[in-house]
There are 2 protein chains.
Amino acid sequence: MTEMTVNPYDVKGEVDYDRLIKNFGIKKIDEKLLKRIEKIAGEVHPYLRRKIFFAHRDLEKLLDAYEKGEKFFLYTGCGPSGPIHIGHYSIWSFAKWLQDKFNVELWFQFTDDEKFLYKDMTYEEIQNWTKENMLDVIAMGFDPKKTHFLVDTKHAGIMYPEAIKVAKKITFSTIKASFGFTDSNNIGSIFYTAMQTVPTFLPNVLNNKNEYCLIPLGVDQDPHFRISRDVVEKLGHKKPAIIHAKFMSPLTGVTGKSSSTNNDKVILMTDDPKTVKKKINKYAFSGGKETVEEHRKKGGNVLVDVACQWLKYFEDSDDKLKKIYDKYSKGELLSGEVKAILIEELNKVLKEHQKRRATAEKQIDKFIF
Amino acid sequence: MTEMTVNPYDVKGEVDYDRLIKNFGIKKIDEKLLKRIEKIAGEVHPYLRRKIFFAHRDLEKLLDAYEKGEKFFLYTGCGPSGPIHIGHYSIWSFAKWLQDKFNVELWFQFTDDEKFLYKDMTYEEIQNWTKENMLDVIAMGFDPKKTHFLVDTKHAGIMYPEAIKVAKKITFSTIKASFGFTDSNNIGSIFYTAMQTVPTFLPNVLNNKNEYCLIPLGVDQDPHFRISRDVVEKLGHKKPAIIHAKFMSPLTGVTGKSSSTNNDKVILMTDDPKTVKKKINKYAFSGGKETVEEHRKKGGNVLVDVACQWLKYFEDSDDKLKKIYDKYSKGELLSGEVKAILIEELNKVLKEHQKRRATAEKQIDKFIF
């Protein structure tokens, strides 16, 4: 068995989320908290009900403040080194739900410095991806009046002076332990976590406020903030609250996380319907049995079937999802049939996204802070 | 004997400059090079004749280009964490000579990020020193039309994007070896050398040129550029040329380097004539004998007498200096008498400086890039 590794620069092995909760020192989102969110927001997002967003830091404190009438702001982001895929989409659509339901500002960071420092790519390639990725973020439908893009290299003038305040309080020992770095890491990559910390308090610095920050993120990003939450507090800011998502599994199986390193095995936001169909049918790991006869008799395994698992992200109705799972487990639905349902749902999402993306470019200036 | 240590963050022991030349891989400024400078500049600065500026990197190449009609630019700077002292003055007055004689631009960096990251001082304290230090730099009489202040935190918008290109090519191993760092160093201090490298090519990036850069500096700053010269070349820029100064000795003796860590034992640019007199008389290490009688008989030791050594910086006439040294060696001049000469020269310099400093504030905007 591969030892589980989860940090921003490495996700390996089968992820045990209960162990992660313990290791990271984060809190499970329990029924009580879900009810509380429902009371405030008027509904609970399917990703919360389905434990896709499964854990948090200080979300209760943030809600306490919110219920007393205090505002908070959202912070999420994207490392621009390749095309946006459906895994990004899922985190951001949840962020959009938060923006809409809580009526809050969203600060969206493009970590172009990070990707340049970690990837074997040129500065120009990263800048191209930054622009491409912006189109996808805009296509998510965020409110341009309440959404502000921060691009690390473009906004270094306001970010670097704050980043050094963070950096002064973090030693290389800490970075080594948190990210698995060695002396062979480049000095930009070592510094970088300070830049990722800045948006947790920058809006407060710019507006002379002290609001909570809420960060919806993939749980692999937590180590950045595990380090910096204490630092941020020492600098006189509120510790950011975090809400953690599980990894959307790769098409090829339910371990690791979806990533753009192999575009064939991930669904890109720019994929056309035929490509989606081909990829799902070819690569989506099946929980079905070897023959149709056996499947009909013994049923499929919902837990390892990627199409079943991905439907959690795209089938909003709990009833419908339950029916699909039941039928699949009993063998009434074949793997190919579940895949067909997924393909249809995905293509609906992508069609809408691509329509909005086509007109996104002229909105870029409205979004850049 | 204390082992010799010379790097930007530590100068210890008696500095053996011949060994430094070998260890650092820099070149001695020889008579041939001095003659060449004299031919171009019309004169040789006393600091060159007196081997205060004693070594270089690629100065010959830079002069080759200059003689072919190519321009170069100067880059020097200051770490703003305390008052400016006569040691800074000496480097900058040589920089001013270079600017005047070669008619070139000077880029002057205030490394406020560095000082914040390395010193136990607040961000606000460093910002105050930055402003104070600017007044002294302006008082040096640099040409405002050809002198551009870069303040790392103020100009991070243009500097950080270039700094990450440098940082990507430097590992922590290299930093450890060059600066004596450990895993306990903060991650900002580890990144910092990349920021110090940027002005060696930033003017070329901004103006779409590829001119040589010449850096007059105290030899302790060389490790920054020893690391980054190769990196800069890999990024498509010319390796910066460097001209290295020996350390102006502390008042208390001819080992180590002058620094502001003890303002009593250093001459500040803001000291009044009485303070100068008091400090020199009280602290300047004497090369004289124990009694006047013995001194008259055996003579003093010019090499360890701080007043004699400092006069190299402030007595332009070689003849006069030689006479003072001869008389002191023979016992014709007492330590107190040499001190009196030094005090007079210093106070002349400081009077002029302070006059210009008093009206410097209204010029700041002209100098900031």
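A polar contact is a pair of N or O atoms within 3.5 Å; within protein, one must be able to donate a hydrogen and the other to accept it, and residues adjacent in sequence count only if both atoms are side-chain atoms. This is a predicted model: local features need pLDDT of at least 70, side-chain atom pairs count only at pLDDT 80 or more, and totals for chains, interfaces and linings use all residues. Residues are numbered from 1 along each chain as its sequence is written, chains are lettered from A and ligands numbered from 1 in the order in which they are written, and side-chain values use heavy atoms, without hydrogens and water.

Start with helix 15 of chain B. Helices (H or I, at least four residues) and strands (E, at least two) are DSSP runs, numbered from the N terminus. D305(B) caps the N-terminal end of this helix, with a side-chain oxygen 3.2 Å from the backbone nitrogen of A307(B). Eight of the nine residues in helix 15 (residues 306–314) of chain B are buried, so the helix is largely enclosed by the rest of the structure. Buried means under 20% relative accessible area, exposed over 50%, partly exposed in between (1.4 Å probe, protein chains only). Among the buried residues are W310(B), Y313(B) and F314(B). Their cover includes helix 5 (86–102) and helix 17 (335–358) of chain B.

Now the rings. Rings of Phe, Tyr and Trp (its six-membered ring) pair if their centres lie within 6.5 Å; planes under 30 degrees apart count as stacked, over 60 as edge-to-face and the rest as tilted. Over all chains, the structure holds 53 aromatic pairs. F149(A) and F367(A) make a stacked one, 5.1 Å centre to centre with 25° between the planes. F149(A) lies in strand 7 (residues 147–151) of chain A and F367(A) in helix 18 (residues 364–367) of chain A, so the pair ties together parts 218 residues apart in sequence. Both F149(A) and F367(A) are buried. The ring centres of F94(B) and W97(B) are 5.7 Å apart and their planes at 20°, so this pair is stacked. F94(B) and W97(B) are three residues apart in helix 5 of chain B, separated by about one helical turn.

Charges meet rings too. A charge sits over a ring if NZ of Lys or CZ of Arg is within 6 Å of the ring centre and within 35 degrees of the ring normal. K165(A) places its charged end over the ring of Y123(B), 4.2 Å from the centre. For K246(A) over Y17(A), the distance is 5.3 Å.

Terms used:
Contact = heavy atoms within 4.5 Å.
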